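Dear colleague,

My notes on what was found in it follow directly after.

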Amino acid sequence: MINNQGKVAVVFGVRNDSSIAFQVALKLKQSGCKVVLSYVADTKEEVLHLMAQNGMESSLATEVDVRNEAEIQDFLGEIHKQLGPIHYVLHAVAFGSQNVMCYSLPGTDAPAPSYIDIPFEELMDSFNISAYSLLRICRVAEPLLAKDASVLTLTYNASQRVFPGYAGMAINKAALENIMLYLASYFRKSGVRVNAISAGLVMTTSAGGINGVRKLRKMGKFTAPLGNISATDVADAAIYYFSDLSKKVTGNTHFVDGGFNIMGVAIDE
């Protein structure tokens with residue numbers, strides 16, 4: 001049993017109870033952490049309800065736009081002031097418009113937007129939220145982190161493979177993985193670890209709105225040697241990084257996808 005008694009964990013990216021980030025937050029709470037969640041305007045009520053329902057202190061939970069460095073500073077600064085040094089940070093933030101991700105909507109005949117036509121401004125906003133925000137959060141958090149703290153982000157295998165309907169977000173995930181590597185090197189003197197989990201496809205609220213996701217899940221069931229995964233599977237791996245067990249692990253991309261990433265061809269039975 002991992003003992004994180006008294007340690008402070010900050011989680012960015014909880015949307016609802018189907019979120020990978022929320023399942024990680026639960027594991028952190030169960031391991032003894034003081035867990036603080038951020039939220040955005042349209043998730044506030046849901047996040048605060050989940051915190052109350054699961055015995056998490058919500059007084060420090062705050063609305064944070066990860067594009068706004070001052071909001072991150074206020075959020076993390078207050079946590080440090082009230083609870084002390086921050087031991088763990090989960091970056092599970094991502095957003096891409098339909099034009100960026102190039103997917104069609106379930107139940108419509110409208111074609112998916114074309115990859116060649118991804119709007120620059122929308123892609124840059126998506127990059128800002130989904131990738132650069134990791135660098136921004138780490139920059140703000142650096143003086144507030146505990147010795148040997150651990151930072152973890154979530155990525156997806158589309159950073160290395162072509163997944164129609166993910167398109168521009170795959171650009172962001174590739175950038176995110178590179179940012180993770182350079183941060184791992186940057187923090188060498190302080191001993192802060194920075195890693196990523198490349199999660200398989202999980203049926204979150206966001207994923208459910210993309211046409212073809214259910215077909216991909218069906219393929220994954222047969223293609224991945226261990227089948228499809230759940231958000232709790234990702235959380236189980238995450239708690240390894242949010243513990244002393246990974247004290248000498250940094251710059252790593254850890255696949256939790258049932259082995260889908262090793263397959264050269266899809267299997268559809």
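Helix α1 passes helix α8 in a right-handed crossing. This is a predicted model, and the values here are computed from it. The two helices, α1 spanning residues 20-30 and α8 spanning residues 231-241, pack at an angle of about 50°, and their axes lie 8 Å apart.

On the α1 side, the contact is formed by Ile 20, Gln 23, Val 24, Lys 27 and Leu 28. On the α8 side, these residues meet Ala 231, Thr 232, Val 234, Ala 235, Asp 236, Ala 238 and Ile 239. By class, the contact of α1 with α8 comprises 8 nonpolar, 2 polar and 2 charged residues.

The structure holds 1 cavity of 30 Å³ or more. The volume of the largest cavity is about 160 Å³. It is lined by 16 residues, of which Tyr 156, Gly 200, Leu 201, Asp 257 and Phe 260 are the closest to its centre.

As for the elements involved, strand β6 (193-199) and helix α7 (213-223) each supply at least two residues of the lining of the largest cavity. The largest share, 3 residues, comes from α7. Sorted by class, this lining has 8 nonpolar, 6 polar and 2 charged residues.

Yours sincerely

How values were computed: Residues numbered from 1 in each chain as written. Predicted model: local features only at pLDDT ≥ 70, side-chain atom pairs only at ≥ 80, totals over all residues. Heavy atoms only, no water. 1 Å grid on protein atoms, 1.4 Å probe; cavity = no way out; pocket = protein on both sides within 12 Å on 5 of 7 lines; lining within 4 Å. Points joined across faces, edges and corners; volume = space filled by probe spheres on them. Helix = DSSP H or I, 4+ residues; strand = E, 2+ residues; numbered from the N terminus. Nonpolar A, V, L, I, M, F, W, Y, C, P; charged D, E, K, R; others polar. Axes fitted to C-alpha atoms, helices over the stretch in contact; angles between N-to-C directions. Left-handed = near helix turned anticlockwise from the far one by under 90°. Contact = heavy atoms within 4.5 Å.
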